[in-house]
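Subject: Handover of the structure and notes on it

Dear colleague,

I am passing on the structure we spoke about, together with some notes on what was found in it. Please look at it first and then read on.

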Number of protein chains: 4
Amino acid sequence: MMRFHPLAFPTALLCGSLAFAQAKPRARDLGVPFDGTPGANNAITDVRGVEVGHTTLISGSGKLKVGEGPVRTGVTAIHPRGKNSNDSVFGAWFTLNGNGEMTGTTWLEDSGFLNGPIMITNTHSVGVVRDAVIAWKVKRGEPDTEGYWWSLPVVAETWDGYLNDINGFHVKPEHVFHALDSAHGGPVEEGNVGGGTGMICNEFKGGIGTASRVLDSKAGGYTVGVLVQCNYGRRDQLRIAGVPVGKEIPEHPAYGEDVGSIIIVVATDAPLIPTQLKRLARKASLGLGRDGSYSGDGSGDIFVSFSTANPRAADPKSLRDLKMLPNDGLDPLFLATVQATEEAVINAMVAAETMTGIDDHTAIALPHDRLRAVLKKYNRLAK
Amino acid sequence: MMRFHPLAFPTALLCGSLAFAQAKPRARDLGVPFDGTPGANNAITDVRGVEVGHTTLISGSGKLKVGEGPVRTGVTAIHPRGKNSNDSVFGAWFTLNGNGEMTGTTWLEDSGFLNGPIMITNTHSVGVVRDAVIAWKVKRGEPDTEGYWWSLPVVAETWDGYLNDINGFHVKPEHVFHALDSAHGGPVEEGNVGGGTGMICNEFKGGIGTASRVLDSKAGGYTVGVLVQCNYGRRDQLRIAGVPVGKEIPEHPAYGEDVGSIIIVVATDAPLIPTQLKRLARKASLGLGRDGSYSGDGSGDIFVSFSTANPRAADPKSLRDLKMLPNDGLDPLFLATVQATEEAVINAMVAAETMTGIDDHTAIALPHDRLRAVLKKYNRLAK
Amino acid sequence: MMRFHPLAFPTALLCGSLAFAQAKPRARDLGVPFDGTPGANNAITDVRGVEVGHTTLISGSGKLKVGEGPVRTGVTAIHPRGKNSNDSVFGAWFTLNGNGEMTGTTWLEDSGFLNGPIMITNTHSVGVVRDAVIAWKVKRGEPDTEGYWWSLPVVAETWDGYLNDINGFHVKPEHVFHALDSAHGGPVEEGNVGGGTGMICNEFKGGIGTASRVLDSKAGGYTVGVLVQCNYGRRDQLRIAGVPVGKEIPEHPAYGEDVGSIIIVVATDAPLIPTQLKRLARKASLGLGRDGSYSGDGSGDIFVSFSTANPRAADPKSLRDLKMLPNDGLDPLFLATVQATEEAVINAMVAAETMTGIDDHTAIALPHDRLRAVLKKYNRLAK
Amino acid sequence: MMRFHPLAFPTALLCGSLAFAQAKPRARDLGVPFDGTPGANNAITDVRGVEVGHTTLISGSGKLKVGEGPVRTGVTAIHPRGKNSNDSVFGAWFTLNGNGEMTGTTWLEDSGFLNGPIMITNTHSVGVVRDAVIAWKVKRGEPDTEGYWWSLPVVAETWDGYLNDINGFHVKPEHVFHALDSAHGGPVEEGNVGGGTGMICNEFKGGIGTASRVLDSKAGGYTVGVLVQCNYGRRDQLRIAGVPVGKEIPEHPAYGEDVGSIIIVVATDAPLIPTQLKRLARKASLGLGRDGSYSGDGSGDIFVSFSTANPRAADPKSLRDLKMLPNDGLDPLFLATVQATEEAVINAMVAAETMTGIDDHTAIALPHDRLRAVLKKYNRLAK
């Protein structure tokens, strides 16, 4: 019945290809001025060990037949220490507006640890993804570092029902396994991929976006990477590098209100304990603020953060040795989080391509030439 | 392969039968002294409109074969306004110890509303139950009172892997539908039923328990009902009506540590707003305290509360009229919550029967005669 | 010993004067483009009933002698329903970064009510202000609407020790009484007044700022007013209307790091319950984001919100009748909060004048002409 | 005007005397059975480094004249690392019911550190105590370990207005300095001392109580100490060692409702990070539950916890080395917290003596002989 779209699932399989990733311009390639120094890939994977995998499901077109399609959805996996590690990381989370789901947060909050991958999908597939993460781990036959069996997976979502047959429940366990197994470091696919496939951002086509910042050596030389599944926002509020781009390109708004959501994942290799990571997650709000969000009632703006420092911190039984950055060293990390979030959102829109889904609903891509023209009008075009 | 146990699933189908429910003694029938005045059924369903349904899955015996059994699990549904209502209720939640899952809490926290049923199952079946709740609602073709599609279901869990083939993922969507559809008012089945089927409490056999309190008329005459899925606790800490029962009956402990969890659902018809309901949920901790819990690291002690007052409070578009009990009227409700929680836990153990599960693991029932003897020794036998 | 500066305390006494308030240009008078429709005074007092009073303490100059001065400090009082009301309001609070104090928040969080005024002062005077609020209320001889005696006042602070002899503890009870008693509606003094006297914002002179928004009638016609005590921020991050003003005017930075804080008070007459007010408070973060804040480790970014609707909601003993805006009507209020916060911060800097304090430390005012020139450079000058 | 009562303030000065402390029987001396192993002094000071100081103010009798007395109040200081240390400790806090004040919690929550002493006093003296802590530190001329000046002190309170002229504001800075300066290790005075002087607990005379537990060596041999300022509870709910003592001794209730509060301080030398300390604080609820509390609306049940491990963790500038107990080692600490809280409350009542205060209001002491008789009746007398 449901089949993988020839241009979709294989895309995921090819996703590690540098050629692919570099072929598409990103926001700063278009001359958007951003502050701070990005890492090698300007991606969450610049934090060593982080791997990202997508399964993209695109099939069918025309009128919605629930259970048959059209399908415009998927699932994204982020492994904090790579897919072959069973070591937990310190983590934390924050809700800017709660109209969404992120499972696993109660234990994340209380334990301070993230045991396993972070998954992002559509709203109605959170359950299947959650249980499939457990099944995947059971299949691999190893408990997590605390001796539990990754029984409380972290799975987040945004709603893609404007383009996707969301009530058809098209994400299946095998798609989850594929995203988990195909995850890799290096360049990260953006736009209409993985959980972001059918998403809409500031009423342009949205999806997955990423960015990173590297601190200078006197601040510790740490890296902060951000990945977003971007589905929030009202067109007229959109600012890019402070410029009122949304007002300047008012055509073809998808909805006319803020109905979406954004999931933000913040990764760092700085040695932060959970109290500090919670603050880091919270700062992502300010990056969203720079982009013009007002985080509407219908938005599930939920952020999760983790640190890849302190390996084996979750090992049971014996006293653990930790490293901790002093609180007075956090400022460069806070600023990096704000900057990388600001950029990751724009990267998602720049990468996403116009998509038509159920009942011929269409979300248009942010037009690159128009963006450059607007930046120029406001004397903000970087190149 | 997997079939419903003849004594199990049919039990659920018969669960409304008064004869059945009354045949089993409850804690106060055994002479345990409790304070306060219970409602007609001493159950959460004493709060008018609340309906409870169970699907109980028991099959196989002997050595564990993952995917085949033995199966000792299930799912329980609590409809705040009955299965045929699509009206939300004000709600709130609280975590005493976070080693567990309750989905849907981010929006519950931020919206102040509970849109749909509360589900309780085993740890590895949260996902299937969650998506099935959405599917059930979609099938019935009506949005919730806020115009959303119950897309963020509240599903909680405790871990039954000591008795149940938990990695076999035996709970299926049809079991969820059955629990939802078979829910009813009146007496509530307790012990080895629904989500509580394979649970262990204070190292006795545990499961589902319930109790209620009715306030006197000068306190408003409101009802508070509590339902627990009881899977927490270490034997030597167990107190019943203040008596150190656990120390007096030390035989056959299941584990020797506090590895379990407890989900507590608090219902009331008092007109409380979410801020007040959050406090109500938090007070359940004190009922657990009376029973001797210390809420160990491995425990997912997560509580949810709701009020059936203020119908249509979640209706969109127009200004809503609400009733609110003043804060200074909360004390009798707080005390009722503590008392009903204290009793519901004991009811779960009194109702549960000895069960043997995977690899011949056995959890023994709290022996009724021994309980009476201990109460008598400490001059606390009520009758 | 300490005496009121002739240009300071009398300023507070004159603070109601329209002539005074109108003589100073505000941000939009300088051509800064802001979205949305402000109320009559573009001030928190546009929310009917809200009154603001300041006591401004300025005396001495030159080298710091602890206990003698120089003094550059004060206290600001905000009465949600005016100084003569003893009626509580629904309220809530949020912390974006916690390096600060706001007393009274534990009961605000749990009760959902704000009983009495909100006070803002310097970090080392929170205590004296707190107890003085109780003394002021005791003197007036009336309990609050819950029958308590306003025993848990809400007092917030930011740190003015760069300009002020903060360890001299110059704020005295009589200054608190004056701020409380002199509070008034209408135009609100901004800049170097009240608690904001010695504050620094984005390394320009900061202090008190305010703004408001009026919703259109189909959104309910409600008003949102914001008042900030602005002491946060690093120069190079400052954006005004999206324009990188801080980078364009780099001269005379006060510190070179983000050491300050911001207290944000959000008032509305929309009938919101505490759950909703908490979300409103949280959205102020996004206004700060628009202005470029990254909320550094040293910042106490603490926000409080209240609704003047639902009079007598806190009356004890009998069931209360409330009005509540549906959640799906919150978006215009969220956007108004973001916009009014964005503008209030800029208003604080525009109003504040260059100040020299202890040890000849100086904070320069944001130069109005330079601001206009920068806005013009980026094609954002509104007039 | 106000003078120190000859039997009061000197008591504080003498408070280190072993003779004094040992002269009074404590709960277990009366035969109350408690579980677990206490430390040498069965006091919070069993956690090495912790020092406690009291200033007790008792003067006047008869009819209340506001500002003149009678005075029945005071202030208690707890130094986590002793009065001569300026080193911060990891800390956390929790609110069971929020009708109270604890200043400094916003930064405690966000920084994970407690910088300076914990102070406990009456409700209307929180401000003077707070500012006096800053003044005391300024006088000593050293910043805290983060380079700040202890500017956000932690000061908690309960309400003593039934016995004390609370609106007379009798606590002065010199009383705060005395409590800070006279703090010591070893036995801790209990009952009508320090901040607990005028407090009422379960409608018996209450005040300060303390207890401790030492873990066995395979659990790490750590110590947990608890100190309470006990002012909560309704007589008929009081349980001691599970026995319904309150119902058995119904005479002379102070109020007939739960109007009070309890502040609980939990100290440990186990190496816990703030996430873990937050859980520890929360578990104190279960100790209260064992004693029968239902935490009424009027109660400010606020708990703070800290760990004396990890010295210099708050030092700025360079990466810190920490030790952390694994989460799976927390259970014995959780249980110790529950047990020590349960006992500290009873110790407060056992130590407190009948007191008559304003307008001849009297709170009677828990009668020791009656307590023993009731324990015996329920077969729970330990000796």
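In what order do the four strands of the open sheet in chain B stand? The order is β1-β2-β5-β6 (chain B), and the pairing is mixed; strands here are DSSP runs of E with at least two residues, helices are runs of H or I with at least four, both numbered from the N terminus, and two strands count as paired if DSSP finds at least two bridges between them. Because β1 (51-59) and β6 (154-158) of chain B stand at the edges with a single partner strand each, one side of each is left without a neighbour in the sheet. On average, and with direction ignored, neighbouring strands of this sheet are turned by 15 degrees against each other.

Before going further, please note that this is a predicted model, in which local features need pLDDT of at least 70 and side-chain atom pairs count only at pLDDT 80 or more, while totals for chains, interfaces and linings use all residues. Residues are numbered from 1 along each chain as its sequence is written, chains are lettered from A and ligands numbered from 1 in the order in which they are written, and side-chain values use heavy atoms, with hydrogens and water left out.

Within the sheet of chain B, strand β2 (residues 71-79) and strand β5 (residues 118-122) run antiparallel and are joined by three bridges, with T76(B) standing opposite I120(B). Helix α5 (residues 173-181) of chain B lies across β1, β2 and β5 of chain B and runs at about 145 degrees to β1(B); axes are lines fitted to C-alpha atoms, for helices over the stretch in contact, with angles from 0 to 180 degrees between N-to-C directions.

Turning to the interfaces, 39 residues of chain A are in contact (heavy atoms within 4.5 Å) with 39 residues of chain C. The area buried between these two chains is about 3300 Å², of which carbon and sulfur atoms give 44%; buried area is the accessible area (1.4 Å probe) that two parts lose on being put together, summed over both. Six salt bridges are found across the interface of chain A and chain C, each being a side-chain nitrogen of Lys or Arg within 4 Å of a carboxyl oxygen of Asp or Glu. D297(C) forms a salt bridge with R279(A), with the closest N and O atoms 2.8 Å apart.

Between chain B and chain C, 30 residues of chain B are in contact with 30 residues of chain C, and the two chains bury about 2400 Å², 52% of it on carbon and sulfur atoms. On the chain B side, D110(B), L319(B) and M324(B) lose the most area to chain C, together 24% of what that side buries. Eight salt bridges are found across the interface of chain B and chain C, and K317(C) and D328(B) meet through their side chains in a salt bridge at 3.4 Å, N to O.

With kind regards
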